[in-house]
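Look over the sequence and the structure before reading on.

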Amino acid sequence: MENQIPTAKFSSNYGVILGIILILIHVLMYVSGMLLEGKQWPMYLYYLIFPVFIFSTIHAYKKKNNGFLSLGQAIKIGISIAALSGLVYAVYNGIFNFFIEPDFIDQMLELTREKMMENPNMTEEQIEMSINWAKKLGGPIIGGAFFILLSVFFGFIYSLIGGLIMQKKQDLY
């Protein structure tokens, strides 16, 4: 197995590109007001792009690697793309929440509180408890770490599927 292309070097650009795609979706949602309104349909587009991006990168690696691909290589590619894209987005999200729009989380929590108050089955105590949990878990640091972990998890799942489908081992002789 000589002349193999390093998976990390191959997939790093793709991870950054995928992170930038997510940032663009976030910016479009913010500028259009969809982010504050809680409209999530643009994120569904990202949920489609993510696995397609991983599958196509694994396929491109296989082509560049003379048609050979091991399951381990596929998983390394998928996880590195997912981790890097998650990291790029987490850094952007920190910059957004600390510098660009520092009161955005408070605005979101206030809108969430108003929507919860419309529910007659929720008590004030339940609403406060939910808002407090959202503050703790939805902040840019913990939220960013959680996003990276979820990205890596789904990157693993999609790269495992892609690797199982596309793997072709090189003969050892």
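## Helices and their packing

In helix H7, the buried residues are Pro140, Gly144, Ser151, Gly155, Ser159, Gly162, Gly163 and Met166. The model is a predicted one. The buried residues of H7 pack against H3, H4 and H5.

For each, the table gives the number of residues, the distance from the first C-alpha to the last, and the span expected at 1.5 Å a residue.

| Helix | Residues in helix | Span, first to last C-alpha | Expected span |
|---|---|---|---|
| H3 | 24 residues | 35 Å | 34 Å |
| H5 | 14 residues | 20 Å | 20 Å |
| H7 | 27 residues | 37 Å | 39 Å |

The span of H3 is close to the expected value. The span of H5 is close to the expected value too, and so is that of H7.

Helix H3 covers residues 41–64. Its buried residues are Pro42, Met43, Tyr46, Phe50, Pro51, Phe53, Ile54, Thr57, Ile58, Tyr61 and Lys62. These buried residues pack against helix H1 (7–32), helix H2 (34–37), helix H4 (71–100) and helix H7 (140–166).

Most residues other than glycine have a negative phi. Asn66 sits in the loop between H3 and H4. With a relative accessible area of 61%, Asn66 is exposed, because the cut-off for exposed is over 50%.

### Helices H4 and H7

Two packed helices are described by the angle between their axes and the distance between the axes. For H4 and H7, the axes come within 7 Å and cross at roughly 160°. Angles over 145 degrees count as roughly antiparallel, and H4 and H7 are therefore roughly antiparallel to each other. The crossing of H4 past H7 is right-handed. Sorted by class, the contact between H4 and H7 has 18 nonpolar residues, ten polar residues and no charged residues.

Is Ser85 buried or exposed? Ser85 has a relative accessible area of 0% and is buried. Leaving out residues up to four places away in sequence, Ser85 touches Gly15, Leu18, Gly19, Tyr46 and Phe50. Of these, Tyr46 and Phe50 are among the buried residues of H3.

### Helices H5 and H6

Helix H5 spans residues 104–117 and helix H6 spans residues 124–137. Their axes are 10 Å apart, and the two helices pack at an angle of about 155°. H5 and H6 are therefore roughly antiparallel to each other. Their crossing is right-handed. On the H5 side, the contact is made by Leu109, Thr112, Arg113, Met116 and Met117. On the H6 side, the contact is made by Glu124, Ile127, Glu128, Ser130, Ile131, Ala134 and Lys135. By class, this contact of H5 with H6 has six nonpolar, two polar and four charged residues.

Which residues of H5 are buried? They are Phe104, Leu109, Arg113 and Met116. The buried residues of H5 pack against H1, H2, H4 and H6.

Ser130 lies in H6. Its relative accessibility is 26%, so Ser130 counts as partly exposed. Apart from its neighbours within four places in sequence, Ser130 is in contact with Met116 and Met122. Met116 is one of the buried residues of H5.

### Thr7 in helix H1

Thr7 is found in helix H1. The relative accessible area of Thr7 is 12%, and Thr7 is buried because the cut-off is under 20%. Not counting residues up to four places away in sequence, Thr7 touches Tyr61, Gln73, Lys76 and Ile77. Tyr61 is one of the buried residues of H3.

How many residues apart in sequence are Ser130 and Lys76? They are 54 residues apart in sequence, and their C-alpha atoms are 37 Å apart in space.

Key. Residues are numbered from 1 along each chain as its sequence is written. This is a predicted model: local features need pLDDT of at least 70, side-chain atom pairs count only at pLDDT 80 or more; totals for chains, interfaces and linings use all residues. Side-chain values use heavy atoms; hydrogens and water are left out. Axes are lines fitted to C-alpha atoms, for helices over the stretch in contact, and angles run from 0 to 180 degrees between N-to-C directions. Helices (H or I, at least four residues) and strands (E, at least two) are DSSP runs, numbered from the N terminus. Angles under 35 degrees count as roughly parallel, over 145 as roughly antiparallel, 65 to 115 as roughly perpendicular and the rest as oblique. A crossing is left-handed if the near helix is turned anticlockwise from the far one by less than a right angle, and right-handed if clockwise. Contact means heavy atoms within 4.5 Å. Ala, Val, Leu, Ile, Met, Phe, Trp, Tyr, Cys and Pro count as nonpolar, Asp, Glu, Lys and Arg as charged, and the others, Gly among them, as polar. Buried means under 20% relative accessible area, exposed over 50%, partly exposed in between (1.4 Å probe, protein chains only). The expected span of a helix is 1.5 Å times one less than its number of residues.
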